[in-house]
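Please look through the sequence and the model shown here.

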Amino acid sequence: MSMPTIKHVRAFTLRGGGADYHDQGDGHWIDDHISTPMAKYPEYRQSRRSFGINVLGTLVVEVEASDGTVGFAVTTGGELGAFIVEKHLARFIEGAKVTDIERIWDQMFNATLYYGRKGIVLNTISGVDLALWDLLGKIRQEPVHQLLGGPVRDELQFYATGARPDLAKEMGFIGGKLALQHGPAEGEEGLRKNIETLATMRERVGDDFWLMFDCWMSLDLNYATRLANAASEFGLKWIEEALPPDDYWGYAALRQQVPSGMLVTTGEHEATRWGFRMLLEMGCCDIIQPDVGWCGGITELIKISALADAHNALVVPHGSSVYSYHFVITRTNSPFSEFLMMAPKADKVVPMFNPQLLDEPIPVNGRMKASVLDKPGFGVRLNPECQLHRPYDH
Ligand SMILES: C[C@H](O)[C@H](O)CC(=O)C(=O)O
Ligand SMILES: [Mg+2]
């Protein structure tokens, strides 16, 4: 079979939820007094949007092959990501064969090393990488999970992230992850309120349902240790992203200090095999949580996951909807998945990247059959009702 080449790459921006899932309206649980690294400033404590968590918006990358097939992906990256794709990365993509994914990744990463390595550049590289996997799947008429070696189980099992683990239990999820609401700047009273929320939820969900705290990089080692000790009485399963992502030493210490049996998890703001190598070799956590749309895409996640497996660590990707589902179903060291509850009150299941994708599968009774993922590529379409904007052209 002669392999088509890539004729065009195009980058667009989009506003309103979707891949930039913090870009929500007023009254959404995800923006209601969540503990953040900015919460030490009282004026930025009530809303994450107040410090600009949603400034980037969504980046849409489209790759069109010489036979007319189009692959695409969405990630967080907006206009800055669009600039990087159109003005810098396009040269490595256009003219390449659709199977040249590994070489394109290596060229994108090495050409941006002097200003990249992590953050928005890696989000952007991830977006291109996911679009390339989508394209290859569509050209081969195979789902991405099949390109990755095929499912290792019949279905995915999900825990839910949101303000209502009690409702998540009724909806069939295996656990509920609460966003921690009060950080160190809110003192002992804040710590008490955090524990009260956990205690209330434990009361409602019973002993066996998993409950976790997501601390979104907002604590220090002392506070995180005290929170973990106090939460232990209420069966906290894991403490997530307790410290800033660069504090590998703090994570290694925290893992030694949490009560026996409690897991330490992190990694959604980490990128590449080198970043995760630090977390794994320094013994920072029990579960790594790469976001497929931010860590370097599927091409890099394959390497990160192999490294984690060799360190006996689980890989439970952060959010990332279909991009993580197609990966998780193919890996034994990824036994369950996250589902971010994007309904403003976390009281019903809506597609995670709503409203940007069509045909985006959702868990039913906290589960998703592998067969639901059996469409070419990632199996989703861009919603034509969403207003695409192309800020740069090349
Ligand atoms: C709930 C967290 O603060 C954040 O918005 C999402 C996240 O970190 C996660 O899903 O994990
Ligand atoms: Mg998290």
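Glu240 and Glu268 are both buried, where buried means under 20% relative accessible area, exposed means over 50% and partly exposed lies in between, with a 1.4 Å probe and protein chains only. This is a predicted model, in which local features need pLDDT of at least 70 and side-chain atom pairs count only at pLDDT 80 or more, while totals for chains, interfaces and linings use all residues. Residues are numbered from 1 along each chain as its sequence is written, chains are lettered from A and ligands numbered from 1 in the order in which they are written, and side-chain values use heavy atoms, without hydrogens and water.

Glu240 (OE) and Glu268 (OE), together with Asp214 (OD), coordinate the magnesium ion (ligand 2) at 1.9 to 2.1 Å. Donors are N, O and S atoms within 2.8 Å of the metal (3.2 Å for Na, K and Ca); water is not among the atoms, so sites may look incomplete. Along the chain, the donors of this magnesium ion have the spacing D-x25-E-x27-E. Glu240 is in strand β7 (residues 236-240) and Glu268 in the loop between β8 (263-266) and α9 (272-281), so the pair, 28 residues apart, links distant parts of the chain. Helices (H or I, at least four residues) and strands (E, at least two) are DSSP runs, numbered from the N terminus.

Ligand 1 is surrounded by 14 residues, and Glu268 is among the closest; a residue counts here if one of its heavy atoms lies within 4 Å. The table gives polar contacts, which are pairs of N or O atoms within 3.5 Å.

| Side chain | Distance to an oxygen atom of ligand 1 |
|---|---|
| Glu240 | 2.8 Å |
| Glu268 | 2.7 Å |
| His318 | 3.4 Å |

How far apart are the end C-alpha atoms of helix α1 (residues 78-93)? They are only 19 Å apart, short of the 22 Å that a straight helix of 16 residues would reach at 1.5 Å a residue. The expected span is 1.5 Å times one less than the number of residues. α1 also has a kink of about 40 degrees centred on Lys87, the bend being the angle between axes fitted to the seven residues ending there and the seven starting there. The buried residues of α1, including Ile84 and Leu89, pack against β1 (6-14), β2 (58-65), β3 (70-76), α2 (101-111) and α3 (119-140).

Leu388 counts as partly exposed because its relative accessibility is 32%.

Conventions: Contact means heavy atoms within 4.5 Å. A polar contact is a pair of N or O atoms within 3.5 Å; within protein, one must be able to donate a hydrogen and the other to accept it, and residues adjacent in sequence count only if both atoms are side-chain atoms.
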